[in-house]
Amino acid sequence: MAIRTKLLRSSSGSGWMVYQGPWNILYRDLKREILPMVKEEGMAVAPWNVLHGGKIRTDAEEQRRRETGEKGRTISGPNWERTEGERKVCLAPEKVATEIGAKSISSVTIAYVIQKPPYVFPIVGGRKIEHLHQNLEALEIALSPEQIAYLESVQPFDLGFPTGRFGNGSDYNFLYKNAGHFDEWPVAQAIRPSKN
């Protein structure tokens, strides 16, 4: 399957400003090379497919769709139901939603994407008013680092080479440390809503 991505250039031609590509709690390939690049360059990310084509839902929501015949998106194939792996990952945001009092796991998964790199503008849609409310609720959710780590722990993710060999940039690797002393430059943090 071909994945469409875009780099959007500023109107002044001064450089790349926004990276646009698929990213969600089930599909995290942006973490390999794209997120380190956008953090380093101070770029923004406009992820799409944030709710994995509507497959991020609770067991109760899926059962309701079976009973009502509403199903889900079938434009890319007839399999609108989640796989067992997708279901397992969806249980994590459901648990976090219960912990923080969120009304929807969609809100938690949108908040997860928003709170990873510094400048994130997810492209989300909706067919119902409840979808709009879930999208707005995501702006009020402040996830702790422990909750983010838990959401990511359910489905292990291999960063691959070169990150797996040389590190993720949170610390200098042993080769650099042998060469001298380096002062760390503070990394820009994601914008999180206050817990007031």
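This is a predicted model: local features need pLDDT of at least 70, side-chain atom pairs count only at pLDDT 80 or more; totals for chains, interfaces and linings use all residues.
**Helix 4 against helix 5**
- Helix 4 covers residues 105–114 and helix 5 covers residues 129–138; their axes come within 8 Å and cross at roughly 45°.
- On the helix 4 side, the contact is made by S106, S107, I110 and A111.
- Helix 5 brings Q134, N135, E137 and A138 to that contact.

**Helix 3 against helix 4**
- Helix 3 (residues 84–100) also has its axis come within 8 Å of the helix 4 axis, with a crossing of roughly 100°.
- That angle makes helix 3 roughly perpendicular to helix 4.
- Helix 3 makes the contact through C90, P93, E94, V96, A97 and I100, while helix 4 answers with I105, V108 and T109.

**Rings and charges**
- Searching the whole structure turns up 1 aromatic pair.
- K95 sits over the face of Y150, at 4.6 Å from the ring centre.

**A look at S194**
- You'll find S194 in the segment after helix 8 (174–179).
- Buried or exposed? S194 has a relative accessible area of 54%, so it counts as exposed.
- The C-alpha atoms of S194 and I141 are separated by 8.5 Å, though the two residues are 53 apart along the chain.

Note on methods: Residues are numbered from 1 along each chain as its sequence is written. Side-chain values use heavy atoms; hydrogens and water are left out. Rings of Phe, Tyr and Trp (its six-membered ring) pair if their centres lie within 6.5 Å; planes under 30 degrees apart count as stacked, over 60 as edge-to-face and the rest as tilted. A charge sits over a ring if NZ of Lys or CZ of Arg is within 6 Å of the ring centre and within 35 degrees of the ring normal. Helices (H or I, at least four residues) and strands (E, at least two) are DSSP runs, numbered from the N terminus. Buried means under 20% relative accessible area, exposed over 50%, partly exposed in between (1.4 Å probe, protein chains only). Axes are lines fitted to C-alpha atoms, for helices over the stretch in contact, and angles run from 0 to 180 degrees between N-to-C directions. Contact means heavy atoms within 4.5 Å. Angles under 35 degrees count as roughly parallel, over 145 as roughly antiparallel, 65 to 115 as roughly perpendicular and the rest as oblique.
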